Amino acid sequence: MNVLYEGYVFDHSPRGGVSRYFHQLISGISLKAEARVTLLDNANCRDAALRWPNAKPCSYRWNRWMPGRLQMWREKRFLTGLAQAEINQIVHFTYYQTLRNVPFKEFHGCRVVTVHDCIHERFPETDPDGRLQKAKRAALDSADAIICISQSTRQDLSNYYPGLECKTRVVLHGTPQLPPLRKTDGVKSRPYFLYVGYRKGYKNFKLLARAFARFHAAYPETILKLAGQPFSTEEQAELAQAGLLEGMEHLGFLSEQDLAQLYSDALALVLTSRWEGFGFPILEAFACGTPVLASDIAPFREVAGNAALFFAENNEESLYLSLRKLAEENELREELKTLGRMRSPEFQLEKSIAATLAVYRELI
């Protein structure tokens, strides 16, 4: 089968969780003999395309001597031509928008859209003008199949966009392939909890900042390490003014090997979200043998099962007591490590890739 991936997300959010999902998926699909994979990209996507030797990148080459508006017009015409190619059997969109806003209806072949969550619907303040929800509605209406990454996301989709149930299929994330850990020099660092990824809005990082400030006052030897987008000037000033930066160490974006090492040495991964579509860091933590402390929401329960310690959602006191419990009880941490390792095989990457291929086959 001929599969075309529309590469919008690699251009607009190359470090985000959705990009990681598609990196993983395309890498696996491109290795299958039955699939001939093409990535519709642009110059910003090219580094991603080079990771998949069996995936053919197609992009418009800009001429630096040509006026910008003319360049964009020519690129949109080029992308539209590729979209309309009759060779395409499956078109899998990486987001609800496309490069140069080529209309979904222009794409020849069976259209697949992956829904990762319904955050904008649950928290309207994240999409005040409704623009993203409008684009999502158009993408869902044009899709022949909709992949939901969890049962929780499928239920949300049914609640906010009724009538699409017959097009939805649940394909769970697969546990990522993490690089081997480095040999350590035997010198132990200070004990630390770990927070990974985006922090604003529904991620509820400020709850952790407040709870950890109380915890750090009682356990000054234990710190909070963060990975991902560095603090903005505004965010850092706000946390400093509230006295919440004490005991935090921000490491920025890390290589996969450094991130795996960070997971493996942590007391626990902490997830404070008010809602999610899945909870991909849970799988990373399980793969590294790291305990998980998470807010008690349905998507996290679906992914972690009984292999995590849960605190009452959006409850600072519950989170504070849970941090203390994990810091003090080594047996609990070891039990969670064991349960996480037992849970991890239920999310095999190969199973996720096979289930996605099954959706493609069903359409053609």
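Partly exposed sits between buried, under 20% relative accessible area, and exposed, over 50%, with a 1.4 Å probe and protein chains only.

A word on the source. This is a predicted model, in which local features need pLDDT of at least 70 and side-chain atom pairs count only at pLDDT 80 or more, while totals for chains, interfaces and linings use all residues. Residues are numbered from 1 along each chain as its sequence is written, and side-chain values use heavy atoms, with hydrogens and water left out.

Back to Lys-206. Which residue forms a salt bridge with Lys-206? The partner is Glu-238, with the closest N and O atoms 2.6 Å apart. A salt bridge here is a side-chain nitrogen of Lys or Arg within 4 Å of a carboxyl oxygen of Asp or Glu. Glu-238 belongs to helix H9 (residues 233–241) and Lys-206 to helix H8, 32 residues apart. Glu-238 is partly exposed too, at 37%. Helices are DSSP runs of H or I with at least four residues, strands are E runs of at least two, and both are numbered from the N terminus.

How many salt bridges does this rule give? The count is 19. Let me show you two others.

Take Glu-276 and Lys-203: their closest N and O atoms are 2.5 Å apart. Glu-276 sits in the loop between E11 and H11, Lys-203 in the loop between E8 and helix H8 (205–218). They are 73 residues apart. Both ends are covered: Glu-276 is buried at 10%, and Lys-203 is buried at 16%.

Next, Arg-20 and Glu-284. Their side chains meet at 2.6 Å, N to O. Arg-20 lies in helix H2 (residues 17–29) and Glu-284 in helix H11 (residues 280–287), so this pair ties together parts 264 residues apart in sequence. Is Glu-284 buried or exposed? Glu-284 is buried, at 1%. Arg-20 is partly exposed, at 27%.

Now the sheet. It is open and has six strands, in the order E10-E9-E8-E11-E12-E13, with parallel pairing. Two strands pair if DSSP finds at least two bridges between them. The edges are E10 (248–250) and E13 (309–311), each pairing on one side only. From one strand to the next, the twist averages 25°.

What lies across E8, E9 and E11? Helix H10 (residues 256–265) does, running at about 135° to E8 (192–196). Axes are lines fitted to C-alpha atoms, for helices over the stretch in contact, and angles run from 0 to 180 degrees between N-to-C directions. Contact means heavy atoms within 4.5 Å.

One more residue: Ala-298, in helix H12 (residues 298–304). Ala-298 is partly exposed, at 40%. Leaving out residues up to four places away in sequence, Ala-298 touches Ser-152 and Trp-275.

Finally, the whole chain. It has 15 helices and 13 strands. Buried residues make up 52% of the 364. The C-alpha trace spans about 65 × 45 × 45 Å along its principal axes. Among contacts between residues at least 6 apart in sequence, 65% join residues at least 24 apart.
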